[in-house]
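This report covers helix packing and the nonpolar core of one protein model. The sequence and structure come first.

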Amino acid sequence: MEFGVATMVYYPGSTPRRAILDSQSFGFRYLEISYEHFIKYIENNDLMRVKELQKSIVEVLETTQLKVLQVHAPYGKVNYYMVADDVGLRKYATTLMEMWIEFCREVDCRTLVTHTGWAPPRVTVPYHKHIEIMLRKNIEFYRELSKVAKDKGVEIAIENRLERVFGITPKDIAAIVSEVGSEVLGLCLDVGHAHINKLPIPEILQRYGSILKATHIHDNNGEVDQHLPPYMGSIDWKTIIKAFKNINYSRPLIFEVAGDRVEEICRNRLYLLSKIRDILAEET
Ligand SMILES: [Mn+2]
């Protein structure tokens, strides 16, 4: 079993550039380029700065031997826009996703990680109807995005949500995947989110391993989405690793661990992850 790391371990205390260079120094071979580095530019609607940061990431990667396994797409408000009634908002969501599909190509990455679209419930709509509407709107959004992704040679992995809304369970994502019916669309299993939501990870892997395209590996206390390194929360890592091996999952697993405001803490956390990587690799 191999492991990689998401650059968010250097957010907000440092830069993606340093995250990339230090990941290589600490013996990592695989990366996810996190979205967090871009949040403030997207919030300010400054797409020029987004492009500049993407370009600088491409340039630093060219100086390394690292393989970008996953890129995280924008999330947050864009997830409301994906399923909005306003066609202009939906178009903006598509434009952003297409920008990130292009970014995947530039860093030679095959897999874009996304979240489900989501809207708040309505006073006059029963909640089960609201969920049905969310499913239908996600199918519509991902049907179009899958076509673009396929044309560009990129696949899309939708992540199981932390929030108790549509997209919380892998079955929600499997429903989108089977309705859209595109081979480029699949699941990103976030182990920490599943743990908080009491969704048994071995059962998820047994049932949905065939559509699994990406992973987010992190730990927590079962209550708060702490994004801790493995073994620092209450997840039983031996069982998790065994479950991945049982389904012969062949891609490296990606640590999605939170950073800190203090740069030295980010670096120490990445170093610790390089040691935990070796411990996990020895689990049966
Ligand atoms: Mn995640």
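Against which elements do the buried residues of α1 pack? In this predicted model, they pack against β1 (3-6), β2 (30-33), α3 (47-61) and α11 (263-282). Helix α1 spans residues 16-25, and its buried residues are P16, A19, I20, D22 and S23. Just after α1, G27 adopts a positive phi of about 85 degrees.

The largest nonpolar core has 74 residues. Those that touch the most other members are V5, V9, V71, W100 and L112. Helix α5 (residues 87-106) supplies the largest share of this core, seven residues. In soluble globular proteins, nonpolar side chains tend to be buried together.

Leaving aside neighbours within four places in sequence, the contacts of L112 are V71, A73, W100, I101, C104, A149, V154 and I156.

Helix α5 also meets helix α6 (residues 127-151), and the axes of the two come within 10 Å. The axes cross at roughly 25 degrees, and angles under 35 degrees count as roughly parallel, so α5 and α6 are roughly parallel to each other. The crossing of α5 past α6 is right-handed. By class, this contact has five nonpolar, one polar and two charged residues. The residues on each side are tabulated below.

| Helix | Range | Residues in the α5 and α6 contact |
|---|---|---|
| α5 | residues 87-106 | T94, M97, E98 and I101 |
| α6 | residues 127-151 | E144, L145, V148 and A149 |

Of these, I101 and A149 are also among the contacts of L112.

Note on methods
Residues are numbered from 1 along each chain as its sequence is written. This is a predicted model: local features need pLDDT of at least 70, side-chain atom pairs count only at pLDDT 80 or more; totals for chains, interfaces and linings use all residues. A residue is buried if 20 or more other C-beta atoms lie within 10 Å of its own, exposed if 12 or fewer, and partly exposed in between; C-beta atoms are placed from the backbone. Helices (H or I, at least four residues) and strands (E, at least two) are DSSP runs, numbered from the N terminus. Two residues are in contact if their C-beta atoms, placed from the backbone, lie within 7 Å. A nonpolar core is a set of buried Ala, Val, Leu, Ile, Met, Phe, Trp, Tyr and Cys residues joined through C-beta atoms within 7 Å. Axes are lines fitted to C-alpha atoms, for helices over the stretch in contact, and angles run from 0 to 180 degrees between N-to-C directions. Angles under 35 degrees count as roughly parallel, over 145 as roughly antiparallel, 65 to 115 as roughly perpendicular and the rest as oblique. A crossing is left-handed if the near helix is turned anticlockwise from the far one by less than a right angle, and right-handed if clockwise. Ala, Val, Leu, Ile, Met, Phe, Trp, Tyr, Cys and Pro count as nonpolar, Asp, Glu, Lys and Arg as charged, and the others, Gly among them, as polar.
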